[in-house]
Amino acid sequence: MPLTGYGVLAGQAVDSRAEGGADSPHFQIRVRGGGTDFRVAVNVLSQQSPPELLFVADEAFSHPLVQALPDLPDGLTAVPSQAGGVALDFIRGNLFDRQAMRTLPATKPGPDNDLADKLDHYVSRAVADPAARVYVFGQRWGPEAGVPDKIFGFSPGNGVHDVHMNQGNSGRFRGDDGVWQDGGLLLHYPGQDQWVAIFLAFQSQAWHTDDQSGHSIPGPPGPPGPGPDGTDHTMRIVAALVNPAGPAPEQETVTLINAGTGDVDLAGWALADRIKQQMPLDPATLPAGEAARIVLRPPIQLGNRGGLITLLDPAGLKADGVAYTQQQASTEGRTIVF
């Protein structure tokens with residue numbers, strides 16, 4: 001069954017500790033939020049093969065999430081697993097380009113060369129900065145009455161885990177699958193006006209999943225996962241006019257490019273907005289290397305307060321996706337380039 005107790009923890013990072021060993025080590029973070037201490041357990045090694053996790057850190061994270069998260073109260077807030085809110089979905093939420101993910105060992109001698117080092121780099125900055133805030137997405141455990149935390153010693157034991165992708169699992173972890181329930185770690189450093197987003201996934205997880213169950217489904221031929229060898233990422237969204245000049249109804253547009261080596265028949269393709277309303281594309285051939293400016297029509301809507309745009313192939317699988325913020329859409333008549 002999907003995760004229970006999915007939510008986001010907002011607060012101040014006050015301590016951290018890296019675990020060694022090969023028996024499911026974690027990077028542990030002590031977060032204080034709403035007068036309560038929490039331990040955040042971040043996996044740095046998989047129990048399945050291959051064991052190294054996939055990792056990406058966006059040091060200039062720009063997404064509608066950054067508009068909503070500062071309004072959350074400190075502490076843990078339950079989050080509905082659905083589109084249109086603050087829930088994370090690595091596939092449907094257009095949070096990052098999965099081809100940017102790379103594998104890292106859990107621990108390795110030397111500086112700044114393993115996953116624990118990468119996490120410590122960002123978390124230690126937050127610990128040293130009282131104004132910094134962390135936002136942790138995952139599943140809550142506890143509070144455990146009368147049981148002190150095994151890492152930091154505060155009582156009662158209480159925390160958040162599953163701070164990673166939570167869909168497309170295999171084997172005994174398949175029962176944890178669900179949509180709009182992925183974990184993640186976002187850090188806000190107000191003094192530098194910087195958002196950093198950290199996303200983790202297991203190499204055993206699939207990158208095409210069912211929209212209801214989150215279970216793995218077949219994808220296009222070739223390796224569909226992260227890295228430069230993925231073959232299902234040739235049709236790209238490169239620009240959008242989300243705030244056209246003039247009175248409503250405005251003519252919003254999305255620009256696509258065929259970055260592949262062969263022509264693409266657009267029959268059966270579709271665009272989707274933040275709440276997953278879809279608009280089928282008109283039948284046409286998009287030659288290799290060419291771009292097409294698509295005029296949008298209902299029901300799809302691109303709001304001026306930030307949103308998502310997703311390109312779906314004829315099988316209904318995500319081919320590409322982008323996000324834009326309210327600030328990017330604030331200038332009337334300006335085309336946003338992705």
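His188 counts as buried, because its relative accessibility is 16%, and the cut-off for buried is under 20%. This description rests on a predicted model, in which His188 has its place in strand E9, residues 184-189.

Leaving aside neighbours within four places in sequence, His188 is in contact with Ala132, Arg133, Tyr135, Gln194 and Trp195. With Trp195 there is also a polar contact of 3.5 Å between the side chains. The C-alpha atom of His188 is separated by 9.8 Å from that of Phe61, although the two residues are 127 residues apart along the chain.

## Aromatic pairs

A search of the whole structure finds six aromatic pairs. In one of them, the ring centres of Phe61 and Phe199 are 6.0 Å apart and the planes stand at 65 degrees, so the pair is edge-to-face. Phe61 lies in the loop between strand E4 (53-58) and helix H1 (65-68), while Phe199 lies in strand E10 (residues 194-202), so the pair ties together parts that are 138 residues apart in sequence. Phe61 counts as buried at 5% relative accessibility, and Phe199 counts as buried at 1%.

The rings of Phe90 and Phe96, with centres 5.2 Å apart and planes at 80 degrees, also form an edge-to-face pair, and both residues are buried. Ring pairs link Phe61, Phe90, Phe96, Phe199 and Trp207 into a cluster.

## An open sheet

Four strands, in the order E17-E12-E11-E20, form an open sheet with antiparallel pairing. Strands E17 (291-295) and E20 (336-337) each have a single partner strand and stand at the edges, so one side of each is left without a neighbour in the sheet.

Strand E11 (residues 235-241) is joined to strand E12 (residues 253-258) by six bridges, and Arg236 has Ile257 as its bridge partner in E12.

Definitions and conventions: Residues numbered from 1 in each chain as written. Predicted model: local features only at pLDDT ≥ 70, side-chain atom pairs only at ≥ 80, totals over all residues. Heavy atoms only, no water. Pairing = 2+ DSSP bridges. Helix = DSSP H or I, 4+ residues; strand = E, 2+ residues; numbered from the N terminus. Buried < 20%, exposed > 50% of the residue type's maximum accessible area, 1.4 Å probe, protein only. Contact = heavy atoms within 4.5 Å. Polar contact = N/O pair within 3.5 Å; in protein donor to acceptor, adjacent residues only side chain to side chain. Phe/Tyr/Trp six-rings, centres within 6.5 Å; stacked < 30°, edge-to-face > 60°.
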